Amino acid sequence: MAAIQRVTPSDLDSAESRAKFVSSLPTWIFGTTGGNTSCVELQAGDTEIILDAGTGIRVLGKCGHRPLGNHYHLVLSHFHWDHIQGLPFFDAAYNSDAVFDVYSAAGDTRAFLERQMSQPFYPVPFDSLTKRFNFHQIQAGKQFNINDVIVNACAMSHPGVSHSFSFEHNGAKFVYATDVELKATDFVHSPEAERVFSGADVIVIDSQYTVEESYRKENWGHSAFCYAVDFAIFWKIKKMYLFHHEPTYDDKKLNSILQAARWYARYIEHSDVDIQLARESLEIEL
């Protein structure tokens, strides 16, 4: 409807004019942010790292890309359903040649994943997946490596606890910080947080709510977009992507939040941090 309201008779004259009209539409009309739950693919050389296994991982499985040796590294921030429910629909997981190294702060990760693939919730058991699943328990504040990628983690405020991760490779630093309700304690230079957040090139961060909504949903485990901006500026992060969008917001609302976040950074915080909106199929090169 928003597109139709903008069209003029001259826009419909020819295939060229119609194409020009469509390409001139703002992003919240032309295309969509998308509605799959959390899954981010990270490629560092020949290393394939998947961050969370929400419904987006099904789309990843359909893209046809296979990492070197058919070897996947899956990092789980936590086990709320929207972050693991896509794994049973990930084609690669059923390939007997595929290898999965799974990293999380829990000691019983396999049991959690098995449970969601048990009756009556799902008809195909976890044992139907490749037998080459290896599970690794990580600790917040204790650095580890995935091949030549340096990884650090820290615990965040979220019901049941969620972890944020930084990934460093060839001088670039990327941070994945979904499902976090930012608190005053997150604006403290602790050694653990310093290793994860300080000076990152890019952060993908929970920015689900407006301030008004964050007040009404206190302790739900998600942040207002302006708090996420404050956080990126505090840790001197160069570029941020607003992530984990509120499911009830449409594309127009998300675009208005993006514009408000940019205004807030420029006129309230006097910062030139680059703010973008996380969208499905978006590629970021560091």
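## Exercises on a predicted model

Y103 stands opposite H136 in β5. The model is predicted.

**Exercise 1.** Find the strand that pairs with β5, and state the sense of the pairing.

*Solution.* 
- Step 1. Take strand β4, which covers residues 99-104.
- Step 2. Read the pairing: β4 and β5 run in the parallel sense, over five bridges.

**Exercise 2.** Give the strand order of the open sheet and name its edge strands.

*Solution.* 
- Step 1. Trace the order: β1-β2-β3-β4-β5, five strands with mixed pairing.
- Step 2. Look for strands that pair on one side only: these are β1 (40-44) and β5 (133-137), the edges.
- Step 3. Follow the twist, which averages 20° from one strand to the next.

**Exercise 3.** Decide whether H244 is buried or exposed, then list its side-chain polar contacts.

*Solution.* 
- Step 1. Locate H244 in the loop between β11 (239-243) and α8 (251-268).
- Step 2. Apply the cut-off: buried means under 20% relative accessible area. H244 has 15%, so H244 is buried.
- Step 3. Pair the side chains. H244 meets Q208 in a polar contact of 2.8 Å. Another, of 3.4 Å, joins H244 to D82.
- Step 4. Widen the view beyond neighbours within four places in sequence: H244 is in contact with residues including S38, H83, T178, D179, D206 and H222.

Note on methods:
Residues are numbered from 1 along each chain as its sequence is written. This is a predicted model: local features need pLDDT of at least 70, side-chain atom pairs count only at pLDDT 80 or more; totals for chains, interfaces and linings use all residues. Side-chain values use heavy atoms; hydrogens and water are left out. Helices (H or I, at least four residues) and strands (E, at least two) are DSSP runs, numbered from the N terminus. Buried means under 20% relative accessible area, exposed over 50%, partly exposed in between (1.4 Å probe, protein chains only). A polar contact is a pair of N or O atoms within 3.5 Å; within protein, one must be able to donate a hydrogen and the other to accept it, and residues adjacent in sequence count only if both atoms are side-chain atoms. Contact means heavy atoms within 4.5 Å. Two strands pair if DSSP finds at least two bridges between them. Axes are lines fitted to C-alpha atoms, for helices over the stretch in contact, and angles run from 0 to 180 degrees between N-to-C directions.
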